[in-house]
Amino acid sequence: MTTPALRAPAAPDGTDGPGSAPADRLRRELRAVHALVHRDLLRLAAQPAHAALVLFQPVLYLFILGGGLAALIPDSSLGTGYQAYLFPGMLMMTVQAPAIMVGVRLITDRQSGYLRELLMAPVSRPALLLGSCAGGTLVATVQGALLLCLAGAVGLPYDPVLIALLLGGMVLASFTITALSLALAVSLNRPEVFHMLLGLVMMPLMFLSGGFFPLHNLPGWARALAGANPLAYGVDLLRGCIALRVPDEAAVGGIDWFGRQPPLVLEAGVLLATGAAALLWAAHRFSRPE
Amino acid sequence: MQPHAGAGAPAQAAPPPAARTSPDSAHGATGPAYAVSTRGLVKTYPGPDGTATHALRGLDLDVHRGETFAFLGPNGAGKSTTIALLCALARPTSGRATVAGADVLTEPDLVRRRVGMLFQHSALDPDLTAEQNLHIHARLYGLSRRDARRRTTETLDAVDLVDRRRALVRTLSGGMRRRLELARGLLHAPEILFLDEPTTGLDPHARAQVWQHLRALRDRQGSTLFVTTHYLEEAENCDRLAIIDGGRLVAQGAPAALKAAIGDDRVVLRTSDDATARRVVREATASPDTAVTADAEGVWLRVPDGSAWIPRLCAALAGHGIAVLAASAAPPTLDDVFFHHTGRSINAARPDRTPDAPGSAP
């Protein structure tokens with residue numbers, strides 16, 4: 001009768017290849033991850049105005065605040081011009097907004113019912129979370145890359161290696177912030193609470209990131225807080241990348257551990273470990289059956 | 001009615017021979033007679049202060065392959081809970097269920113690969129186009145890029161939305177969104193499609209369109225449809241239905257059979273003096289087991305061959321000087337079936353209506 005019509009599309013699970021069951025399973029999970037990344041990219045492309053708005057504030061800080069203060073702050077106190085000093089901080093400011101939005105969207109998806117549609121898909125819940133995280137990381141990095149185009153305006157060279165290093169640093173920082181945002185989102189049910197928390201902590205986190213001013217002039221307790229601030233590690237990492245390629249622009253006063261500046265690789269490791277731990281915890285929370 | 005329902009069921013149950021080599025074909029559609037079968041399904045949610053909410057209290061349900069099955073009950077009867085359990089979205093407190101040949105407890109992924117779902121409050125991504133929504137969903141279900149593109153076109157065509165494929169979902173009307181959701185539910189060609197109140201909130205025209213597509217689906221592809229509803233006229237058009245109330249199954253069968261089981265017509269009289277009329281009618285029927293009820297609708301009773309009784313009752317009432325304002329006799333409806341099994345009307349059970357308000361009488 002009509003059985004073939006009903007069956008035909010189901011063929012992919014069987015006839016795509018001779019792959020064994022685990023391989024087949026893995027391919028399904030990867031396709032689901034890719035689907036969620038694809039969704040994020042489509043949303044980004046569908047809303048160019050939104051992407052421009054995310055860039056608006058960092059650009060404002062970079063050229064108005066940075067331009068105004070540059071004349072007042074002597075290069076010697078920072079090791080570089082104020083605008084160049086501000087640049088890594090503004091890169092972080094750009095990537096954190098879309099990264100944090102991933103958590104907000106998880107909550108709004110849950111409220112709208114879209115999340116339930118995702119949960120109906122025959123894939124594991126960690127795969128869904130991984131897809132959200134990868135999508136958020138990618139979108140955040142794309143946003144950061146747009147701001148990176150302005151590197152020349154603050155006196156940084158368009159050196160391919162430097163660009164690659166900064167991009168890598170932004171991927172890492174975006175991943176960590178996205179994972180932290182997801183970890184927070186899986187334990188909250190209402191977007192209002194999430195927004196309230198963000199409003200409360202984002203400003204201090206930005207100020208304690210070392211993006212606007214060197215941390216070493218702060219009182220000890222504030223420096224201790226900065227040592228636990230993932231944004232500070234992100235800023236430090238980007239600043240370290242610049243120092244690596246353009247020693248003339250090396251800035252002073254990032255994070256210190258017991259008076260010594262941690263090596264770049266270690267900072268990257270801290271970011272990666274924090275992000276991975278947050279993602280694992282979120283996946284654990286998210287996988288609990290109802 | 002569906003003429004081929006009985007004959008078609010075994011045919012659909014047969015698996016496509018040797019065509020599928022996937023691991024699930026082993027315990028795949030090797031011909032279980034039922035699309036859905038549950039035994040003693042119980043779901044209890046923890047309530048406030050240590051109490052428990054019993055959403056389902058032991059459900060035994062059998063849905064044949066290829067039939068359109070209505071799950072009828074008032075709000076809060078346990079319909080959505082049942083669907084969540086059958087789609088392996090929630091785990092039953094006890095009992096077991098087999099859906100499309102897979103066990104919901106031990107093979108939840110397999111169940112979800114074989115069923116499609118249209119939620120009561122379904123959701124699409126409003127910022128993406130119709131086509132993009134479907135493509136992403138198809139990929140989530142593990143379809144390759146090529147298959148995803150092909151199925152997207154096919155299902156858009158099936159619900160008559162090809163010309164709106166590039167429209168942002170937020171610009172579509174409610175009825176179009178519902179049809180798009182239907183297309184999304186069909187992307188992975190599920191054996192069973194669950195629809196939770198598929199037409200709630202739609203205008204009559206859009207409702208008719210959704211049902212037209214559902215019927216086409218059943219007739220063309222022989223899909224099993226499991227529809228929850230509290231619209232009696234929708235349940236009426238299904239092959240079989242189950243009535244659920246308070247987490248329990250109270251009746252199961254074909255609409256005609258359920259109505260035939262009640263048999264008697266309902267005769268309603270509106271008179272100038274309902275209280276006296278009730279006494280007179282009771283005497284006129286002269287049968288002790290005929291219940292005569294007087295309520296806001298008037299005086300009513302159940303008798304076989306109701307229309308033949310109307311002149312006799314009118315004559316008896318005229319003899320007592322009571323004027324008959326209106327009289328009607330109606331064969332049993334599904335609401336009567338519901339009333340028969342639960343002791344109240346399905347509409348009266350809905351919390352958003354006031355059952356006894358004087359103004360609500362027709």
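Select Thr81(B): beyond residues up to four places away in sequence, it touches Lys43(B), Tyr45(B), Ala55(B) and Leu56(B), where contact means heavy atoms within 4.5 Å. This is a predicted model, in which local features need pLDDT of at least 70, side-chain atom pairs count only at pLDDT 80 or more, and totals for chains, interfaces and linings use all residues. Residues are numbered from 1 along each chain as its sequence is written, chains are lettered from A and ligands numbered from 1 in the order in which they are written, and side-chain values use heavy atoms, without hydrogens and water.

Thr81(B) lies in helix H2 (residues 79-86) of chain B; helices (H or I, at least four residues) and strands (E, at least two) are DSSP runs, numbered from the N terminus. Thr81(B) counts as buried because its relative accessibility is 13%, the cut-off being under 20% relative accessible area with a 1.4 Å probe, protein chains only.

Next, select helices H10 (residues 274-285) and H11 (residues 306-319) of chain B, which pack at about 125 degrees with their axes 10 Å apart. Axes are lines fitted to C-alpha atoms, for helices over the stretch in contact, and angles run from 0 to 180 degrees between N-to-C directions. Show Ala277(B), Val280(B), Val281(B), Ala284(B) and Thr285(B) in H10(B), which meet Trp309(B), Leu313(B), Ala316(B) and Leu317(B) in H11(B).

Finally, show the whole of chain B, with 12 helices and 14 strands. Of its 362 residues, 53% are buried.

Key:
Buried means under 20% relative accessible area, exposed over 50%, partly exposed in between (1.4 Å probe, protein chains only).
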